[in-house]
Amino acid sequence: MLARLRPLHLWIVVAGLIGYALVGLLLRRSDPQFDPGRYMNLFGGVAVTLLYSVGAILSWRISRDHRPQSAMRIAWLLMMASSVAAAARFGYEAAGILAGWNNPLAHALLGLRQIPIVVSLVLLAASLAVMWFSFTSIGLGIKLRAADILIMVLIVLLVPPTIWARRQMADAQAALEFVRYLQFLSPLLLAIPAALAVVLYRISREMGGGQYAKVLRCLVAFLLIRLVALMVGTVPALDWLPLRIVMEAVSMSVSAIFVLALVYRCEMRRSASEMVLRYESDPAAELASLSEELKKLVR
Amino acid sequence: MEHGFTEKQWLEWLDGTLAPSDCARLESHVVNCARCSQLSADLRRWDYLVAAEATQLSQAFRLDESAVEQMLEQVLERIRDCEPSQMRSPASRSAVEGTLLLRHLLAPLCGPVTARNAMRVAAERSSESGEPIVTEANWRLFISNLRCTMADVCGAQMGRLIEQVGRKLVVPVC
C-alpha cells in the first residue's frame, strides 16, 4: 500500500492538517470554553504518529537500496530509528491525552515523552551528519558559502534566547526533575539538525537539479520550519492563541513534509528501476533516443 | 628527417616524452651542432610563448563546464559527419561520447553535478595515473567504479542503471 503513496497524497495531508487547525480556530471563536490544545493534540497526535510510522517504514526501504555498511545505508537506518522514536513520542502523547493527562505538573508520566524526543533528535542529527559525510565522498557539501555559515550562526544564536524562555515550553514545569533537564536540551538538539539542514541545502544547490535535490530540499524544509515553530512557541511576546494554534498546525504539517521527502526518494528509485527495464527490453532504441535528446539539447 | 632526428622526435623531446636513449642522443647532438642548437632554442621559446598565450586566453574567456561539453559534443558531431559512411557504425561510440550520454541519462535523477562528480571519482579510480581519464581501454573498469560510487550515494537501482547502459554504450578495446 505504501508503494502507492505519491507526493500529492502528502500535500493533501498537509492541507488537511492546516484545515483542521483553522476549524479549531473557528470553534474557539464561537465557544471561549473550547480547549484548542486538547483538540489539536488528540487528532494531530494520531495523524503525526501515523506519519512518522510511515516515515520509519519508508526509511527502512530506502536503506535497503544501499549497500550494507555504506554510509548512506547507516544514515537511512538512523533516520528510521529517529522516526520510530518520534512516532513513539506522539503516540504516547495522544494516549496520554485520551487518559486525561493534560498537565505535566499534575501528571508526571506525561513528561516521560521527553525521552523519545531527545532520542529522536540525537538520531536525526547523527543521520544527517552521516548523510553529509556520504555526499562529501563525491565532492558535494565540502565548500560552504559565507551565507551558509551566517545562517548556521543565526540558528545557533537562536538557542540561548529559547533556553532563556524555556518556561513557555510544555514540560518546563514537569514533576520529574530529569524531564526538566531533558526539556532544557531540546532547543540545542533542534538547532543541530537545523544547522545540518543548511549543509543539505547547499548540497541540493550544488547538485544542479534532479529528483535527489528535491528530496534534500524537503528534508531542509522539515528541519527548518519545525525549529521556527518551536522558537515562535516559546517567545512570550508571541503568546497569542490563534498564532499558537497555527504554529501547532505547522509543527504537525512538517512531519508530512518529512514523509514527502522520503516519497520523493522512493520515486527516484522507481524512476531508476523503470529506466533499467526500458534499457533491458530495447537497449538500441533507448540509446538512440538518448543520443537524439542530447543532440537536440546541444543544438 | 634532418641530422638523424624526425619532426616527431623533436616534438616529443619538447614534451618530455621522448625515449631516454633518443633523448640523450639528441641532447649530445645539440651541444655539437649550431643549427640544431638554434632550432632547440627556438622550439623552447615558442613552446613558452604558446603556453603563456594559452594561459592568458583561458583567463580572458572563462567557460563553464557545460559550455565546454556542448562544444565538445558539437566537435564530435562534425567529426562523425565527415567520416565516410562505410566506416561509421551507428552503435559505436567513443568513451567521451559515452560519458556525455551517461551524464545526460543520470542528470534528471541525481542532478548533473552529482553525475559529473561521481564520474570524476570513478575515472580517477579507473586510471593508473590517478588522473580522471576515461578511454575505451578502461571503460569497463570505469563503469564498474561508477556503479559502486553511485550505488553508495544514490542507491542500488542507479548503480544497476549505470551497469545496464554503460555496458552497451561503448565497446571496450581489448
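Reading a predicted two-chain model

Author: In this predicted model, the number of disulfides over all chains comes to zero.

Reader: How far is the sulfur of B:Cys23 from the closest cysteine sulfur?

Author: A disulfide is a covalent bond between the sulfur atoms of two cysteines. For B:Cys23, the closest cysteine sulfur belongs to B:Cys36 and lies 14 Å away, too far for a bond. For B:Cys148, the closest one is that of B:Cys154, at 13 Å, which is likewise too far for a bond. B:Cys148 is partly exposed, its relative accessible area being 23%.

Reader: Which parts of chain A does the pair of A:Tyr52 and A:Phe258 tie together?

Author: A:Tyr52 belongs to helix α2 (residues 36–63) of chain A, and A:Phe258 to helix α8 (residues 241–281) of chain A; the pair therefore ties together parts that are 206 residues apart in sequence. A:Tyr52 counts as buried, at 5% relative accessibility, and A:Phe258 also counts as buried, at 2%.

Reader: What kind of pair do B:Phe5 and B:Trp10 form?

Author: B:Phe5 and B:Trp10 form an edge-to-face pair, with 6.2 Å from centre to centre and 65° between the planes. B:Phe5 has a relative accessible area of 3% and is buried; B:Trp10, with 7%, is buried as well.

Reader: Which residues do ring pairs link into a cluster?

Author: The cluster linked by ring pairs consists of A:Tyr52, A:Phe90, A:Phe222 and A:Phe258. A:Phe90 also has a charged neighbour: the charged end of A:Arg89 sits over its ring, 4.1 Å from the centre.

Reader: Which ring face does B:Arg44 lie over?

Author: B:Arg44 lies over the face of B:Trp13, and its distance from the ring centre is 4.5 Å.

Reader: Is B:Arg103 buried or exposed?

Author: B:Arg103 counts as buried, at 11% relative accessibility. This arginine lies in helix α5 (residues 95–110) of chain B. Leaving aside residues up to four places away in sequence, B:Arg103 touches B:Glu69, B:Pro112, B:Ala115, B:Arg116 and B:Met119.

Reader: How many residues does the contact take from chain B and from chain A?

Author: The contact takes 36 residues from chain B and 39 residues from chain A. About 3200 Å² is buried between the two chains, and carbon and sulfur atoms give 63% of that area. On the chain B side, B:Leu109, B:Val153 and B:Gln157 lose the most area to chain A, together 20% of what that side buries.

Reader: Where in chain B does pLDDT stay under 50?

Author: Where pLDDT is low, the predicted coordinates should not be read in detail. In chain B, pLDDT stays under 50 over residues 85–90, and for this stretch the model has three contacts beyond four places in sequence. Chain B as a whole averages a pLDDT of 82, with 86% of the residues scoring at least 70.

Reader: What ipTM and pTM does the model score?

Author: The model scores an ipTM of 0.81 and a pTM of 0.75.

Key. Residues are numbered from 1 along each chain as its sequence is written. Chains are lettered from A and ligands numbered from 1 in the order in which they are written. This is a predicted model: local features need pLDDT of at least 70, side-chain atom pairs count only at pLDDT 80 or more; totals for chains, interfaces and linings use all residues. Side-chain values use heavy atoms; hydrogens and water are left out. Helices (H or I, at least four residues) and strands (E, at least two) are DSSP runs, numbered from the N terminus. Buried means under 20% relative accessible area, exposed over 50%, partly exposed in between (1.4 Å probe, protein chains only). Rings of Phe, Tyr and Trp (its six-membered ring) pair if their centres lie within 6.5 Å; planes under 30 degrees apart count as stacked, over 60 as edge-to-face and the rest as tilted. A charge sits over a ring if NZ of Lys or CZ of Arg is within 6 Å of the ring centre and within 35 degrees of the ring normal. Contact means heavy atoms within 4.5 Å. A disulfide is a pair of cysteine sulfur atoms within 2.5 Å. pLDDT is the predictor's confidence in each residue, from 0 to 100. Buried area is the accessible area (1.4 Å probe) that two parts lose on being put together, summed over both.
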